[in-house]
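Subject: Structure handover

Dear colleague,

Please find the structure below, followed by notes on what came out of it.

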Amino acid sequence: MDSPAAGLTELSRGLAGYLRAVAEAVGVPAEATSFELSDTATAYLGLTRRWPTRPGEDLMLVWSEGSGWAVAVETGPGETPMVLAWFAGDDVVPEPADVARFVTGVIAADRSDAPRPVFAVDVGRTELAARLARYVEP
């Protein structure tokens, strides 16, 4: 029987691989990414491109297991990010190329009015780890 720690390791490895794949598709260096597994799995990519409407502010691409991907304006620690657009889809783990197209569209000022998606987190970490397994590097 797998221990909870083993499941967390598989989720961590899968999320790390998925984040690398998305970063590569978006054109973000690995050092501009991070992720965390706590009560919620989250990921961050610092974008190198700017939004034309706010050229003086940095953008970030953020992900959580509960709401998927969003492009937001960088904020200070403890501040709520200003979300420019949510990735509209029915999959919390969309293909990296689809995420890249989403980012390109947002930066091209094609701001989306799609509401914040809510994904079924109750499927559990085991399901999320299984969906991310194909991104685990050997």
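E137 and R20 form a salt bridge, with 3.0 Å between the closest N and O atoms; the term covers a side-chain nitrogen of Lys or Arg within 4 Å of a carboxyl oxygen of Asp or Glu. This pair links distant parts of the chain, since E137 is in the segment after α3 and R20 is in helix α1, 117 residues apart. E137 is partly exposed at a relative accessible area of 47%, and R20 is partly exposed at 37% (buried is under 20%, exposed over 50%, partly exposed in between, with a 1.4 Å probe and protein chains only).

This is a predicted model: local features need pLDDT of at least 70, side-chain atom pairs count only at pLDDT 80 or more, and totals for chains, interfaces and linings use all residues. Residues are numbered from 1 along each chain as its sequence is written, and side-chain values use heavy atoms, leaving out hydrogens and water.

The whole structure holds six salt bridges. Another of them joins R131 and D91 at 2.1 Å, N to O. It also links distant parts of the chain: R131 is in helix α3 and D91 in the loop between β5 and α2, 40 residues apart. R131 has 33% relative accessibility and D91 has 25%. R101 and D98 form a salt bridge as well, at 2.2 Å, but both lie in helix α2, three residues apart, about one turn of the helix. R101 is exposed at 54%, whereas D98 is partly exposed at 29%.

The chain has three helices and five strands, in the order α-β-β-β-β-β-α-α from the N terminus. These are DSSP runs (helices H or I, at least four residues; strands E, at least two), numbered from the N terminus.

Buried residues account for 37% of the 138 in the chain. The largest nonpolar core has 34 residues, of which Y18, L61, W69 and V71 touch the most other members; such a core is a set of buried Ala, Val, Leu, Ile, Met, Phe, Trp, Tyr and Cys residues joined through side-chain atoms within 4.5 Å. Helix α1 gives this core its largest share, seven residues. Beyond four places in sequence, the contacts of W69 (heavy atoms within 4.5 Å) include Y18, L61, W86 and F102.

S64 is in strand β3 and is buried at 13%. Residues T40, A41, T42 and V92 are its contacts beyond four places in sequence.

Regards
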